[in-house]
Every structure is written in C-alpha cells, then in structure tokens.
Amino acid sequence: MLAVCEKHVELYKELDAYIEELKGKKGILINVLHKAQELFGWLPEEVQNHVAEKLKIPTSVVYGVVTFYNFFSTKPKGKNQIKICLGTACYVKGADKVMERFLSELGVNEGEVTKDGNFSVHGVRCLGACSMAPVVLIGEKEFFGKVTPDMVPSIIKKFQGEGK
C-alpha cells in the first residue's frame, strides 16, 4: 500500500494535471497509465483506482488494461532492473546459472526488489542479442554479453548505490 506522503501527493497532482491535458480526447487510458507508471514506478491498486475515478470508468477496465499489457507492472521494481535472457540460445549457454547467481548475490527471488530498492531481477524470453549469449540487460540500455556466474558480483558492484 502506498503511504500518503508529501511525495505521493505531488505525484498524484502531476498525474491529475496530465489527465486534465488529455481530457476530451478518445483512448487516453493507456497514455494515462504510462504516465502513472512513469511517476510511481508501478501501478498499485490505489493508483489504478485513482485513474478509474478521474477518467470516470470502471476500475475493472483499468485493471484489465494493466494486466493485459506486459509493459505495465502491478508490483514494484528496482531502480536497476536486471533482465536476464532465458531464451533458447542464452539458456543453453548457462543463463539459468547466471540467474541463480544474481538471485543469490542480491538475496531476492525473481521479480522481487532488494531491501534498498536498488535492484530487481527478471527473467525475459529474448533480448535479441543471441550471438552474445548469455545476455543481461540492466535498465534499458546497459548490455552485458557472454555473462558467466563469476561476472555477476562485478556487474552488481557497477550499479551499487545507484537509485538510492
């Protein structure tokens, strides 16, 4: 549950202003949800309810869109999202062992956020870099190729302290 703090009040105000800019236009729900996730980092039930209320649509419609599209998340994610390709090329070259090492080093299960909020680990099906298998993507643009389990601590160290 989101604590109602000054920061969240400001985020809701910013979201409301964005909704006002779009009012009267058709098909704004996905744009509003993108903005909400950009602001809050994820789409908890409270935010979904707020969007439904502001757009005067049923919460079930909002929830349906949120759960249909992979981009939207109903769980918090770390500031540094570690995506490990588990597609065939990466898997046969040891991506499962790389995944195990990340989870072990960070002390989380897949999809969970570290206590400091800095990392979350996610298995993905393909990152489109099969020649560099196994591949890890941190954030949206930091690629690591031919990753071995022994490389994991140094990769984590590179991002330690970011997002705090």
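This tour goes through the cysteines and then a selection of salt bridges. The model is predicted, so local features need pLDDT of at least 70 and side-chain atom pairs count only at pLDDT 80 or more, while totals for chains, interfaces and linings use all residues. Residues are numbered from 1 along each chain as its sequence is written, and side-chain values use heavy atoms, with hydrogens and water left out.

Begin by selecting Cys126 and Cys130, whose sulfurs lie 4.6 Å apart, too far for a bond; a disulfide is a pair of cysteine sulfur atoms within 2.5 Å, and the structure holds 0 of them. Cys126 is exposed at 52% relative accessible area, whereas Cys130, at 45%, is partly exposed (buried means under 20%, exposed over 50%, partly exposed in between, with a 1.4 Å probe and protein chains only).

Turn next to the salt bridges, of which the whole structure has 10, each a side-chain nitrogen of Lys or Arg within 4 Å of a carboxyl oxygen of Asp or Glu. Select Asp16 and Lys54, with closest N and O atoms 3.8 Å apart; this pair links helix 1 (residues 6–22) to helix 3 (residues 45–55) across 38 residues (helices are DSSP runs of H or I, at least four residues, and strands runs of E, at least two, numbered from the N terminus).

Then select Glu140 and Lys83, which meet at 2.9 Å, N to O, and join the loop between strand 3 (136–138) and strand 4 (142–144) to strand 1 (residues 80–85). Glu140 is exposed at 65%, but Lys83 is buried at 14%.

Finish at Glu14, Lys35 and Glu38, which salt bridges with shared partners join into one network.
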